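The entries below follow the order in which I checked them.

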Amino acid sequence: MMNFIYKLKKFMYDRYGSDEFSKFLFTIYILLVLINLFIRLNILFYIELLLMIIILLRYFSKNINRREKENILFLKIKKSMIKPFKNIIRNLKDKNNVYKKCHKCKTILKLPLPSKRGFKKVKCPECNYKNKFLIIKKEKIKIIRKKGND
């Protein structure tokens with residue numbers, strides 16, 4: 001058993017292995033397998049096969065620089081796709097505050113959770129623009145992210 005582990009470590013030395021992009025491709029592969037269990041399309045089988053080949057080629061690749069560049073590109077695309085939903089995610093996680101974006105300067109504001117429904121004008125501390133938000137409580141508004149910072 002120890003001999004097999006040693007040989008496996010020796011084989012995997014200087015290989016790329018797994019990263020976020022490979023995990024994403026594997027998740028897509030699993031979803032396609034599950035869909036193909038019910039639908040039974042040949043084209044899905046070939047897409048699954050292609051995905052598994054790409055995953056294995058990335059995993060056992062010795063061209064580490066190229067795989068890292070692919071992963072960085074994937075992470076940039078993922079970040080740009082998640083960015084519009086960032087405030088929604090924050091609102092779901094934080095039960096005491098509401099996160100809104102200033103309409104003028106695009107600064108993200110942390111507002112206290114309203115006790116009842118109603119529109120209130122809130123002055124942005126960054127640009128002094130009066131935004132209309134659903135808010136009731138009057139507390140200090142905090143800046144989460146300024147326009148230039150990502």
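I took helices (H or I, at least four residues) and strands (E, at least two) as DSSP runs, numbered from the N terminus. The model is predicted, so I kept to its rules: local features need pLDDT of at least 70, side-chain atom pairs count only at pLDDT 80 or more, and totals for chains, interfaces and linings use all residues. Residues are numbered from 1 along each chain as its sequence is written, and side-chain values use heavy atoms, with hydrogens and water left out.

Entry 1, salt bridges. I counted a salt bridge where a side-chain nitrogen of Lys or Arg lies within 4 Å of a carboxyl oxygen of Asp or Glu, and by this rule I found five salt bridges. I looked at R67 and E70, whose side chains meet in a salt bridge with an N to O distance of 3.0 Å. Both residues belong to helix α4, where they are three residues apart and hence separated by about one helical turn. As background, an α-helix has 3.6 residues a turn, so residues three or four places apart point the same way. I then noted that salt bridges with shared partners join D19, R58, R66, R67 and E70 into one network.

For burial I used relative accessible area with a 1.4 Å probe and protein chains only, calling a residue buried under 20%, exposed over 50% and partly exposed in between. On that scale R58 counts as buried at 3% relative accessibility, R67 is buried at 12%, and E70 counts as partly exposed at 25%.

I found a salt bridge between the side chains of E20 and K78, with 3.9 Å from N to O. E20 lies in helix α2 (residues 20-39) and K78 in helix α4 (residues 64-82), so the pair ties together parts that are 58 residues apart in sequence. Both ends count as partly exposed, E20 at 35% relative accessibility and K78 at 34%. Taking contact as heavy atoms within 4.5 Å, and leaving aside neighbours within four places in sequence, I listed N71, F74, L75 and K78 as the contacts of E20.

Which residues does N71 touch, not counting residues up to four places away in sequence? I read off Y16, D19, E20, F21 and R58. N71 is found in helix α4 and is buried, with a relative accessible area of 11%. The C-alpha atoms of E20 and N71 are separated by 6.8 Å, although these residues are 51 apart along the chain.

After α1 comes D14, whose phi is positive, near 70 degrees.

I placed K130 in strand β4, and at 56% relative accessibility K130 counts as exposed.
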